[in-house]
Amino acid sequence: MMAFPPQARTWQRRGSRTQLMIWAAWLVGVALFVGCFQLISDKTIWAFVWDAPQQAGDLAVRMVPPDWLYIRTLGRPIWDTINIATIGTAGAVALAIPVAYCAARNTTPSVSVVRPIALFIIVSSRSINALIWALMLVTIIGPGVIAGIIAIAMRSIGFCAKLLYEAIEEIDTGQVDAVRATGASGAQVTAYGIVPQVLPAFAGISVFRWDINIRESTVLGLVGAGGIGLELNAAITQLYWTQVSLILLVIVGTVIVSEWVSAKIRHAII
Amino acid sequence: MTAASAVSSRRWKKPALIKSAWLRWALAICAVIYFVSVLQTTPVNWTRVWEGLPRGAAFLAAFFPPDFVSRWDEIAEGIAESLWMTVVSTVVGIALSIPIGVGAAKNIAPAPVYYFCRAVLAVSRSFQEIILAIFFVKLFGFGPFAGFVTLSFATIGFYGKLLAEDIEDMDGSQAEAVRASGASWLQWINYGVQPQVMPRMIGLGLYRFDINFRESAVIGIVGGGGIGATLNTAFDRYEFDSAAAIIIVIIAIVMLCEYGSGYLRRWVQ
């Protein structure tokens, strides 16, 4: 250290070893990125990509002005969409409670058997998109709102249960011990020691998921599961672009309103 | 204390989540009215559902056993395509969302830039990936390029918003201290702001990678390339055993991503 006169060294954020490792990581990352992009570009017809701006301009011209009168037929689909999201969320939350209870390390009846099953339910529900659920459910129970509701519910169980079980794992154990020390039974410990602690988180999670579900339920109609997606699909296949633009505006409006409602409620809770 | 002893015969009740009883009842009544109106207006063809149940059982039976073998080449190709799309779109999306996220942070961006960037984020977040994919497929033609653009655009909305919120929540005094040392604007961002938001942002980037992979599994349904296209084809051909295999592969990869990203996040923080 003393071999160098102190003024010859300038301050550096990292040692040379870490610097080298970071550089190597960047190298690998960039190589991976370039390689992947190359593979995509091999599968791309670049002529179509280059004329995209022209296509976009063409589409924009055809979409303006929106067909405002078409709004009269959209009331019903929007109502359906909101119902799919709301009822689906309610169902998912109801189903997520036992799953979360079984998945949380501190409440699960058995760490070696029940907990992995609950975690598997959570992961599979989260990895299958609502659209895939809807695709399957439409084949099973026929097209319509009910398929959409079940699809949304199946998809949301994992999300709600995951956040809820994390909330349960983070509770203050002192309160639980205090309730237990009064001689409370297992159910009473849950009701008085655990539930009050996770209730605000639980309400927040439900509202948050509802907001996401509004957005997801707008597309379920593309595979026949009801809501405004049906109208969107019909308008796109019939090339009624003025109707498409109105539907998109309605979707944006609904999403913004639902986001505002959910933010208000979450502020009120927390 | 006399008042307290007078009411001591009353049983203790759990405090409710919503304190005002009036609001509680109003919400409950609204909920009941809502449910009734939904039941009234939603035509559920219960006979169709009932008829569907045995069909559903047959359908589920058709999923088993999953058939990995006969369509394995298509599955492997689809998964590989999804993975490339995920990698490229996560990188591009995050790279583009950094300037937009910085611009959308109220405490460091001037008002016009702020409103412009917020508008970009709002547009990107309001549309589901699928709707974006429909349009990008129209513009760029079928295939992974449309999927890549879709996922990048969706990433901007997600990542940019969270980045902006994180910057807005940062500790102002640290940034102030860097600025007081005479740093230029870029140095200020690099040394005053970036270190504060970096750990969380790396975690969120990995999380977005997960999401992008999951989404890449469905944008194929509308022509955006990837495993979704393979899955849709399997459904269309009524090859439910192959579809089951694809879904299992998707679940396995998502689980792998989730564990991997959890591990990396702990290592980074």
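A residue is taken as buried when its relative accessible area is under 20%. In this predicted model, B:V137 has a relative accessibility of 10% and therefore counts as buried. The residue lies in helix 6 of chain B, which comprises residues 129–140. Leaving aside residues up to four places away in sequence, B:V137 is in contact with B:F142, B:A146, B:V222, B:G223 and B:G224. The separation between B:V137 and B:C30 amounts to 107 residues along the sequence, and their C-alpha atoms are 42 Å apart in space.

The interface between the two chains was examined next. Chain A contributes 61 residues to the contact and chain B contributes 59 residues. Together the two chains bury about 5,600 Å², and carbon and sulfur atoms account for 76% of this area.

One salt bridge is found between chain B and chain A. The salt bridge pairs A:E259 with B:R125, with a distance of 3.0 Å between the closest N and O atoms. On the side of chain B that touches chain A, the residues divide by class into 39 nonpolar, eleven polar and nine charged. Six residue pairs in polar contact are found across the interface of chain B and chain A, with both residues of each pair at pLDDT 80 or more.

Technical notes:
Residues numbered from 1 in each chain as written. Chains lettered and ligands numbered in written order. Predicted model: local features only at pLDDT ≥ 70, side-chain atom pairs only at ≥ 80, totals over all residues. Heavy atoms only, no water. Contact = heavy atoms within 4.5 Å. Buried area = accessible area lost by both parts, 1.4 Å probe. Salt bridge = Lys/Arg side-chain N within 4 Å of Asp/Glu carboxyl O. Polar contact = N/O pair within 3.5 Å; in protein donor to acceptor, adjacent residues only side chain to side chain. Nonpolar A, V, L, I, M, F, W, Y, C, P; charged D, E, K, R; others polar. Helix = DSSP H or I, 4+ residues; strand = E, 2+ residues; numbered from the N terminus. Buried < 20%, exposed > 50% of the residue type's maximum accessible area, 1.4 Å probe, protein only.
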